[in-house]
Amino acid sequence: MAEHHPRRALITGITGQDGSYLTELLLQQGYDVVGLVRRSSTVSFERIAHLQDRITIVSGDLLDEASLIEALRLHRPAEVYNLAAQSFVQTSFGQPVLTGETTALGVTRLLDAIRIVDPSIRFYQASSSEMFGKVREVPQTETTPFYPRSPYGVAKVYGHWITVNYRESYGLHASSGILFNHESPRRGLEFVSRKISHAAAAISLGRQRELRLGNLDAKRDWGFAGDYVKAMWLMVQQDKPGDYVVCTGETHSVREFCELAFAHLGMDYRDYVVIDEAFMRPAEVDLLVGDAGRAASELGWHRAVGFQQLVAMMVDADLDLLQGKLKGIS
Ligand code: NAP
Ligand code: F7E
């Protein structure tokens, strides 16, 4: 069988937030980028519309192993980044089996496809701070025990360990990035950061009256997605694969996110935020804050964007979007 292409990367989840930023980074580095996209009745290429003529799209689904084998055989990438998942925690409570099929077993299907087609392919798995859940220590590191609190978190723990297992069983160059929450103007509107930034912008323009939220006391270590995709790439470039926590080391509550977002537009969030039970979760993750010491010392990775800057960037982008100054979310 022919060799793989040395500077070719395949990304699953290319139409998602991280997929779009990683594609930009890899194109800048001179890669051929192949994006695996599942079939849907309408295309969801908003985040990669500005990149579409520079990438190759291949059809496939994490639920279908044959499609993954075929995509690898056809395009022969040197690196595979597995960013695809059912990634919304709230949905995972309502669709736990689908979440397990995609976010957990999907990882095995892809690792197995790599083992079958070309075990020299380097692999990145999108692991998550949700694996820490009801945290066993503060801050969380690569050695903190997992205690997931949602079907999504449980599925990510499986994905993490199957990645470690294929590394140890078959010698795959498989790394797992334990990324804490990372956001951007391209974040899905259902996640709390974007829900707040978009609502603050809409309220300031008189297009929305209130913002209904759940638990304002949850604390997260929020960073910028554009910074975090660099850590993914750096992991794959190391001589040895490994697991790395990627975070800012700072934690802030949902309430603080609201305060900053509304204040950025000269408003007080308390005048607009309404607590709604519908957005509370059956089990909550109360506090996440990581220690990225290993990523700093071994990968030389540091985040550039801080919390305040992130909130301002998202609110400004939503204001531009609503005022028609931005065409899409590029
Ligand atoms: P996202 O915006 O929700 O994107 C998810 C991607 O997965 C989309 O491209 C989606 O395609 C694709 N997908 C879903 N089911 C699929 C299937 N069965 N087959 C193929 N593709 C499928 O997520 P994100 O924020 O970019 O996150 C990227 C990855 O990092 C995810 O695995 C997520 O769980 C993980 N993660 C995210 C964070 C964070 O804070 N953002 C933190 C830690 C880990 P469609 O466009 O067709 O829906
Ligand atoms: O919730 C609270 C909610 O949905 C953050 C995913 O990318 O990061 C993300 O998962 C917090 C939670 O993200 C609302 O209860 C209050 O405590 O923005 P979120 P998440 O659950 O932390 C991890 C690292 C991932 O891996 C995931 O893929 O905000 N919250 N009120 C709310 N959350 C939402 N969505 N909506 C509310 O109205």
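**Ligands, sheet and backbone**

Trainee: Which residues are closest to ligand 2?
Mentor: Keep in mind that we're looking at a predicted model. There are 23 residues around ligand 2. The closest of them are Ser87, Ser128, Tyr152, Arg281 and Glu284.

Trainee: How far is the polar side-chain atom of Arg281 from an oxygen atom of ligand 2?
Mentor: Let's go through some polar contacts of this ligand. The side chain of Arg187 has an N or O atom 2.9 Å from an oxygen atom of ligand 2, and a polar backbone atom of Glu190 sits 3.0 Å from a nitrogen atom of the ligand. For Arg281, the distance from its polar side-chain atom to a ligand oxygen is 2.6 Å.

Trainee: How much of the accessible area of ligand 2 does the protein cover?
Mentor: On its own, ligand 2 has 710 Å² of accessible area.

Trainee: Which elements give two or more residues to the shell around ligand 2?
Mentor: By class, that shell holds nine nonpolar, six polar and eight charged residues. As for elements giving two or more residues, they are helix H6 (192–204) and strand S8 (211–213).

Trainee: On to ligand 1: how far is the polar side-chain atom of Tyr152 from an oxygen atom of the ligand?
Mentor: Ligand 1 has 25 residues around it, and Tyr152 is among the nearest, along with Thr15, Arg38, Asp61 and Ser87. Asp18 places a backbone N or O atom 2.8 Å from an oxygen atom of ligand 1, while Lys156 has a polar side-chain atom 2.9 Å from a ligand oxygen. For the polar side-chain atom of Tyr152, the distance is 2.6 Å.

Trainee: What part of ligand 1 does the protein bury?
Mentor: Taken alone, ligand 1 exposes 900 Å². Of that area, the protein buries 88%.

Trainee: Which element gives the most to the shell around ligand 1?
Mentor: The shell has nine nonpolar, eleven polar and five charged residues. Helix H1 (17–28), S5 and H5 are the elements that supply two or more residues. The one giving the most, with three residues, is S5.

Trainee: Which strands stand at the edges of the sheet?
Mentor: Seven parallel-paired strands make an open sheet, ordered S3-S2-S1-S4-S5-S6-S11. An edge strand here has a single partner, so one of its sides is left without a neighbour in the sheet.

Trainee: In S11, what is the bridge partner of Ile178?
Mentor: S6 (residues 173–179) pairs with S11 in the parallel sense, over four bridges. The partner of Ile178 in S11 is Val245.

Trainee: What angle does the direction of helix H5 make with that of S5?
Mentor: Helix H5 (residues 151–170) packs on the sheet and touches S5 (122–128), S6 and S11. Its direction and that of S5 make an angle of about 155 degrees.

Trainee: Where is Pro139, and is the peptide bond from Val138 to Pro139 cis or trans?
Mentor: Most peptide bonds are trans. Pro139 lies in the loop between S5 and H5. With omega near -5 degrees, the bond from Val138 to Pro139 is cis.

Trainee: What is phi of Arg76?
Mentor: Most residues other than glycine have a negative phi. Arg76, in the loop between helix H2 (65–75) and strand S4 (79–82), has a positive phi, near 45 degrees.

Technical notes: Residues numbered from 1 in each chain as written. Chains lettered and ligands numbered in written order. Predicted model: local features only at pLDDT ≥ 70, side-chain atom pairs only at ≥ 80, totals over all residues. Heavy atoms only, no water. Pairing = 2+ DSSP bridges. Contact = heavy atoms within 4.5 Å. Axes fitted to C-alpha atoms, helices over the stretch in contact; angles between N-to-C directions. Near = heavy atom within 4 Å. Polar contact = N/O pair within 3.5 Å; in protein donor to acceptor, adjacent residues only side chain to side chain. Areas by Shrake-Rupley, 256 points an atom, 1.4 Å probe, with all protein chains shown as cover. Nonpolar A, V, L, I, M, F, W, Y, C, P; charged D, E, K, R; others polar.
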